[in-house]
Amino acid sequence: MGIETEYGVSVPGHPHVNAMLTSSQVVSAYAHAVAQGRQTAMRWDYDEETPLRDARGFDLTRAEADPSMLTDDDLGLANLILTNGARLYVDHAHPEYSSPEVTNPWDGMLWDKAGERVMARAAESVPHLPGGREVRLYKNNTDNKGASYGTHENYLMQRSTPFAAIVRHLTPFFVTRQVITGAGRVGIGQDGRGSGFQISQRADYFEVEVGLETTLKRPIINTRDEPHADPDKYRRLHVIVGDANLSELSTYLKLGTTSLVLAMIEDGFLDLDLTLTHPVREMHDVSHDWSLGHELTTVSGRTLTAVQLQIELCEQARKYVEDRYGVDVDSQTADVLDRWETVLDRLLADPMSLSGELDWVTKLSVLQGYRDRDGTDWDDPRLALVDLQYADVEPTRGIAQRLQARGRLTRLTTEEQVAHAVSSPPEDTRAYFRGECVRRYGAEIAAASWDSVIFDIPGRDALQRVPTMEPLRGTRAHVGELLASSPNAADLLAALGA
Amino acid sequence: MATRDSGDQQKVSRTQEEAEVEEAPQASSDLAERKAALDDDIDAILADIDDVLETNAEEFVRAFVQKGGE
């Protein structure tokens, strides 16, 4: 699994600056900040079928490249593969961090948090580029004027799981999980003109139940299916309903609870029918009622609140884990279940008690503090600013980070763990091979992607492509020794038999 | 009788009152302290945020215009 996040980007005092160019500067600036002489600009390998020769022409080296050249690739935009296995690039008009593939929610949270630090470092470095101005980056999902940008989760699933079962069971889960994963938003409606607070940044931008689109007519269940792995075995479930979270607990539970529900679907365990009569409308209604009193209606005629629906799924997950694993359950799965259950119980008893733990409740209590102190209403632009600045990645300005520093927003990771994740890949997926290759042989890599690394070995005519189609191969256990005993890429390829 | 009864009642109720009076200030001051601490805390948090909020909120928020993504 993994999370890809498009960050909001702005240049204070220059609202009309070209967003693609600024995003490209952000990516380039990070390359300059961390490169220290190694190659960092490489082409993304879009097409595994393209003959290797065609991949030539993009093999910039750090020594040759000036900042503007670093932005060159086939789309004219910067693209980096980081030593932690992540991809840092420009997607549409936003800098995007796509985390490396991980096997569990805890690691997902950790490498997602690492992305915030990568963005902070990048933003800090932009003014040092020629022509670079001060840049703000926000880990949020809307400008409150009609534009939304995504935080997408990806889950590897078995191809054999019927898609109808995924749609049936995931829809009510996605409509209601925002009570845990919502990042909070000041403003109602896509353009934010409605006055008030709502739970989710993203909810109002969803218009249909199922579909392929991600930029218009956004569907609750997205059918994009590029597995970046063996398509006969795997499907990549591309989840676009999520908010960008600053709270680690929100991110951890987002990945953990979704994984549990997917496991139950894959295993054919869920027979609970929670199909909603009007899922899209309910998604908006749940988000708009932060008292959590809104009742959803199911096709079977039941009415229940979002928290009650989540409790039913959580109880199913508890039964499922007991049934399949019993006492052999791994500690992280048990931890996710316990936290899910506890958070739901507390949301049922007193939602505001989750202030300091979940994003939307924390943000709401700060906003209510302003309203109480200054007697303002929801239209006060300062409240909109608090909403925006909550997500600023810069540590002194970012409100979420200030709250964390004061112990008013819970951390699950340590800063040392995050710093390690900024530079090092997870050890138990193919991201290990990708990240370590970039770290060790960066100057000899022409291109890479989720499912390949392409080497450009001095003295060899053709590029050498190493496919990484199996997400769980290329781990430290698998290739650690091989990499350690290969001083350069030619040695590695010889050892791989290429 | 009535007076005495009434006096007894008064005495009883005074005793209860005294008991309550002995405990009540304690409890209410705890509560007040906790509430004051919470208020101080949120006040401190808001003051901390005030220090770093971008200047001219209205203009800053208006200028934050993004293109759609994804």
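Trainee: How many charged residues are in the lining of the second largest pocket, by class?
Mentor: Happy to start there, and keep in mind that this is a predicted model. Sorted by class, that lining holds 7 nonpolar and 7 polar residues. The charged residues in the lining of the second largest pocket number 8.

Trainee: Which residues lie closest to the centre of that second largest pocket?
Mentor: The second largest pocket holds about 570 Å³ of space. Its lining is made of 22 residues. Those closest to the centre are A:S355, A:S365, A:R408, B:L38 and B:I42.

Trainee: Which element gives the largest share of the lining of the second largest pocket?
Mentor: Good one to ask next. Two elements give two or more residues to this lining: helix 10 (359-374) of chain A and helix 1 (2-52) of chain B. The largest share is 8 residues, and they come from helix 1 of chain B.

Trainee: Moving to the two chains, how many salt bridges does the rule find across the interface of chain A and chain B?
Mentor: Let's look at the contact as a whole. It takes 46 residues from chain A and 25 residues from chain B, and the buried area is about 3,000 Å², with carbon and sulfur atoms giving 60% of it. Side chains of opposite charge can pair when their charged atoms come close. A:R402 and B:D48 form a salt bridge, with their closest N and O atoms 2.8 Å apart, and the count across the interface of chain A and chain B is 5 salt bridges.

Trainee: Within chain A, how many salt bridges are counted between domain 1 and domain 2?
Mentor: Chain A is divided into domain 1 (2-420) and domain 2 (427-496), whose centres are 29 Å apart over C-alpha atoms. In the contact, 33 residues of domain 1 meet 31 residues of domain 2, and about 2,800 Å² is buried between these domains, 56% of it on carbon and sulfur atoms. A:E101 forms a salt bridge with A:R430, their closest N and O atoms being 2.7 Å apart. Between domain 1 and domain 2 of chain A, the count is 3 salt bridges.

Trainee: How many residues apart in sequence are the parts tied together by A:D273 and A:R168?
Mentor: Nice way to finish. The whole structure has 39 salt bridges over all chains, and the side chains of A:D273 and A:R168 meet in a salt bridge at 4.0 Å, N to O. A:D273 sits in the loop between helix 6 (248-266) and helix 7 (279-288) of chain A, while A:R168 belongs to helix 4 (residues 163-176) of chain A, so the parts this pair ties together are apart in sequence by 105 residues.

Key:
Residues are numbered from 1 along each chain as its sequence is written. Chains are lettered from A and ligands numbered from 1 in the order in which they are written. This is a predicted model: local features need pLDDT of at least 70, side-chain atom pairs count only at pLDDT 80 or more; totals for chains, interfaces and linings use all residues. Side-chain values use heavy atoms; hydrogens and water are left out. On a 1 Å grid over the protein atoms alone, a cavity is a set of points where a 1.4 Å probe fits but cannot get out, and a pocket is an open set with protein on both sides within 12 Å along at least five of seven lines; lining residues have an atom within 4 Å of a point. Grid points are joined across faces, edges and corners, and a volume is the space filled by probe spheres set on the points. Helices (H or I, at least four residues) and strands (E, at least two) are DSSP runs, numbered from the N terminus. Ala, Val, Leu, Ile, Met, Phe, Trp, Tyr, Cys and Pro count as nonpolar, Asp, Glu, Lys and Arg as charged, and the others, Gly among them, as polar. Domain bounds come from an automatic or database domain assignment. Contact means heavy atoms within 4.5 Å. Buried area is the accessible area (1.4 Å probe) that two parts lose on being put together, summed over both.
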